[in-house]
Amino acid sequence: MADSGLADAVTAIVQEAGALALRHWRTDFHRWEKSPGDPVSQVDLDVNTLLHARLSALLPDAGWLSEETADNADRLACGRVWVVDPIDGTRDFIRGRDGWAVSVALVEQGRVTIGILDAPARNDIWRATLGHGATRNGAAIHVGDRGVFSGSRVPSDGLPKADRDLVAVAKPNSIALRIAMVAADEADLVATLRWGYEWDVAAAALIAAEAGATVTDAFGAPLAFNTPRAQAFGVLATTPGIHAAAVERLSERARTLSV
């Protein structure tokens with residue numbers, strides 16, 4: 001289990017990275033597409049470089065898994081691994097919107113033990129350590145108590161017809177921030193039904209779980225980290241009382257898509 005001193009050091013590093021990103025936000029910086037629909041910027045790479053240097057110095061024995069670094073199977077032999085998204089929500093960052101965050105998690109033996117999200121454009125720093133709860137800007141946060149699926153708040157730009165019984169709330173591009181919204185009782189449900197990478201959700205998954213949310217893959221199975229593919233099929237973060245209904249809804253959706 002991570003100690004508070006280590007979590008403090010990680011938090012300071014993540015905030016340094018967030019400050020670097022914020023200095024370039026809404027400025028003229030180089031950006032391109034790694035593949036169609038997958039944007040990246042020079043700022044993503046610069047933040048990645050800073051985080052790699054600082055975090056590797058902090059724990060020299062830890063492995064490294066980041067969206068902006070070519071993966072290396074050596075991390076699988078490491079007892080501890082940093083799981084990093086230098087800028088989660090790059091689309092919002094590029095567009096000058098505030099729905100992005102620096103996401104850093106420490107994974108030990110497949111479990112996230114420290115999760116930090118810095119959203120400097122929103123003046124928010126989210127933090128969790130395994131077994132010690134979650135905070136936003138130093139104040140404890142707790143998931144809501146919704147137990148009825150219909151009417152659940154979902155970060156969304158527009159709900160499909162099949163989900164019209166839900167309530168759309170503002171949606172940041174960052175999936176990590178959307179999960180954090182569940183942790184802070186600003187949403188009741190966040191779900192994806194596609195393959196996603198560990199770096200997108202590792203830090204936020206711990207923050208939500210430590211705030212009392214139920215966090216799984218799309219079909220209700222536990223999430224695992226530092227896996228060979230570094231992927232899971234979907235993520236589901238909900239208030240505990242609606243998780244089973246959310247799994248059922250996603251399972252129905254998956255059957256529909258497979259037909």
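This briefing covers selected helices, strands and loop residues of one protein model. The model is predicted, so local features need pLDDT of at least 70 and side-chain atom pairs count only at pLDDT 80 or more, while totals for chains, interfaces and linings use all residues. Residues are numbered from 1 along each chain as its sequence is written, and side-chain values use heavy atoms, with hydrogens and water left out. Helices (H or I, at least four residues) and strands (E, at least two) are DSSP runs, numbered from the N terminus.

**Helix α4: burial and ends**

- Helix α4 spans residues 175-183.
- α4 is mostly covered, with 9 of its 9 residues buried. Buried means under 20% relative accessible area, exposed means over 50%, and partly exposed lies in between (1.4 Å probe, protein chains only).
- The buried residues of α4 include I175, L177, R178, M181 and V182.
- S174 caps the N-terminal end of α4. A side-chain oxygen of S174 lies 3.2 Å from the backbone nitrogen of A176. A polar contact is a pair of N or O atoms within 3.5 Å; within protein, one must be able to donate a hydrogen and the other to accept it, and residues adjacent in sequence count only if both atoms are side-chain atoms.
- D185 follows α4 and has a positive phi, near 60 degrees.

**Helix α4 against helix α5**

- α4 packs with helix α5 (residues 198-210) at an angle of about 5 degrees. Their axes are 8 Å apart.
- Axes are lines fitted to C-alpha atoms, for helices over the stretch in contact, and angles run from 0 to 180 degrees between N-to-C directions.
- The two helices, α4 and α5, are therefore roughly parallel to each other. Angles under 35 degrees count as roughly parallel, over 145 as roughly antiparallel, 65 to 115 as roughly perpendicular and the rest as oblique.
- On the α4 side, I175, A176, I179 and A183 make the contact. On the α5 side, D200, V201, A204, A205, I207 and A208 take part. Contact means heavy atoms within 4.5 Å.
- These contact residues divide into 9 nonpolar, no polar and 1 charged. Ala, Val, Leu, Ile, Met, Phe, Trp, Tyr, Cys and Pro count as nonpolar, Asp, Glu, Lys and Arg as charged, and the others, Gly among them, as polar.

**The β12-β16-β14 sheet**

- An open sheet of 3 strands runs in the order β12-β16-β14, with antiparallel pairing. Two strands pair if DSSP finds at least two bridges between them.
- β12 (189-191) and β14 (214-216) are the edge strands, and each pairs on one side only.
- The twist from one strand to the next averages 5 degrees.
- β14 pairs with β16 (residues 236-238) over 3 bridges, in the antiparallel sense. T214 stands opposite T238 in β16.
- Helix α4 lies across β12 and β16. Its direction is at about 150 degrees to β12.

**Strand β4 and its neighbours**

- Strand β3 (residues 63-66) runs parallel to β4, joined to it by 4 bridges. L65 stands opposite V83 in β4.
- Strand β5 (residues 101-108) pairs with β4 in the antiparallel sense over 7 bridges. V84 has V104 in β5 as its bridge partner.

**The β1-β2 hairpin**

- Strands β1 (residues 31-35) and β2 (residues 38-41) run antiparallel, with 4 bridges joining them.
- They form a hairpin with 2 residues between the strands. G37 in the turn has a positive phi of about 80 degrees.
- The bridge partner of S35 is D38 in β2.

**Loop residues**

- N226 lies in the loop between β14 and β15 (231-233). N226 is not a glycine, yet its phi is positive, about 60 degrees. N226 counts as buried, at 14% relative accessibility.
- A230 lies in the loop between β14 and β15. The phi of A230 is positive, near 55 degrees, in a residue other than glycine. A230 counts as buried, at 1% relative accessibility.
- R97 lies in the loop between α3 (90-95) and β5. R97 is partly exposed, with a relative accessible area of 47%.
- R97 touches W25 and D92, not counting residues up to four places away in sequence.
- R97 and G138 are 41 residues apart along the chain, and their C-alpha atoms are separated by 24 Å.
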